[in-house]
Amino acid sequence: IACFDLHSFAYFALEVLCESSFLMDELTLHLTKIRRRYRLLDAASQVQRTLWLPIAGTLLLQLVGRLLPIEHLLLVSLAPLALWLLVLPLASLLRRFSLQHAARRVDEDLLLYERISTALVLQQTHPMTHYEFPAALIEKQYADALQALRAVDPRRNLPFTWLRRPLLSALALAVLALAAVFLPNPMDAELEQRRAVARAAAEQAERIDDLKEAVSENPALTPEERQELARQLEELAAQLRANPGDLEQALADLARMEQALAERSDPNTAAR
């Protein structure tokens with residue numbers, strides 16, 4: 001009896017595999033196209049649902065830029081949008097989307113009553129689990145699922161949908177962000193003043209370089225004094241060139257250097 005059962009099972013498994021292999025290949029091909037369509041629809045839905053996030057980030061940075069002076073505010077405020085454009089496609093590509101998931105979704109969306117997912121499960125499970133089902137029944141189930149899939153046009157039957165509420169929210173935020181970009185910013189005057197201070201500090205640094213050469217050639221100073229003054233002048237020039245536009249810091253640096261010159265040389269050199 002055991003030998004007979006083993007022979008029957010082997011014959012059954014071979015029969016099922018031979019008769020359904022072609023059908024399952026075509027079934028998998030149709031499911032692959034449907035899965036690709038679902039990936040596209042999910043990506044479009046995710047774009048619509050999350051579009052408000054980078055726009056809100058841009059608006060927030062624009063508002064902060066009206067309270068604090070931020071250089072290149074427009075580029076900085078576009079950083080959330082760039083990050084969103086980088087993360088969203090990457091997350092969509094890394095998302096696992098199996099054929100079985102696509103089969104369950106198409107069954108649910110098109111009211112196919114589990115035909116596709118059942119056929120796929122019968123293909124992916126071990127033939128031993130099919131032993132209680134007649135081979136003809138399984139073949140007919142495969143054929144029925146394939147017939148249902150042949151009638152599915154992914155573009156027609158799985159259309160793209162617009163999500164009205166998320167898009168309206170994103171549009172409202174975009175209008176506010178554009179208004180914040182184009183309306184006058186009170187921090188522009190502060191930024192311009194900082195740029196003017198930075199330019200003036202750079203010019204003073206060039207003049208200090210000339211003064212350093214004059215100090216090194218001054219015979220009234222000892223070599224130690226010339227070396228120390230040259231070092232201090234070099235530090236001051238570096239500080240002025242690194243000044244981001246802080247007027248008080250630049251004036252403090254110059255006053256400190258003037259005091260050091262007054263201590264180490266005659267009043268004429270300090271005035272110079």
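Which helix supplies the largest share of the nonpolar patch? Helix 9 does, with three residues. Before you click, note that this is a predicted model, where local features need pLDDT of at least 70, side-chain atom pairs count only at pLDDT 80 or more, and totals for chains, interfaces and linings use all residues. Residues are numbered from 1 along each chain as its sequence is written, and side-chain values use heavy atoms, with hydrogens and water left out.

**Stop one: the patch.** Select Leu74, Leu75, Leu78, Leu81, Leu85, Leu178, Val181 and Phe182: together they show about 790 Å² of accessible area on the surface. Helix 3 (73-77), helix 4 (79-94) and helix 9 (164-182) each bring at least two of the patch residues. (Helices are DSSP runs of H or I, at least four residues, numbered from the N terminus.)

**Stop two: Asp42 and Arg95.** Here the side chains meet in a salt bridge, 3.0 Å from N to O. (That takes a side-chain nitrogen of Lys or Arg within 4 Å of a carboxyl oxygen of Asp or Glu.) Asp42 sits in helix 1 (residues 2-50) and Arg95 in the loop between helix 4 and helix 5 (99-109), so the pair ties together parts 53 residues apart in sequence.

**Stop three: Arg115 and Asp144.** Zoom in on another salt bridge, with the closest N and O atoms 3.3 Å apart. Arg115 is in helix 6 (residues 115-124) and Asp144 in helix 7 (residues 135-150).

**Last stop: helix 10 (residues 187-216).** Pick Arg195 and Glu192, three residues apart, about one turn of the helix. They join Glu71 and Arg199 in a network of salt bridges.

Conventions. Patches are made of residues with over 30% relative accessible area and no salt bridge: like charges are joined within 9 Å, nonpolar side chains (Val, Leu, Ile, Met, Phe, Trp, Tyr) within 5 Å. Accessible areas come from the Shrake-Rupley method with a 1.4 Å probe; for residues, only the protein chains shown count as cover.
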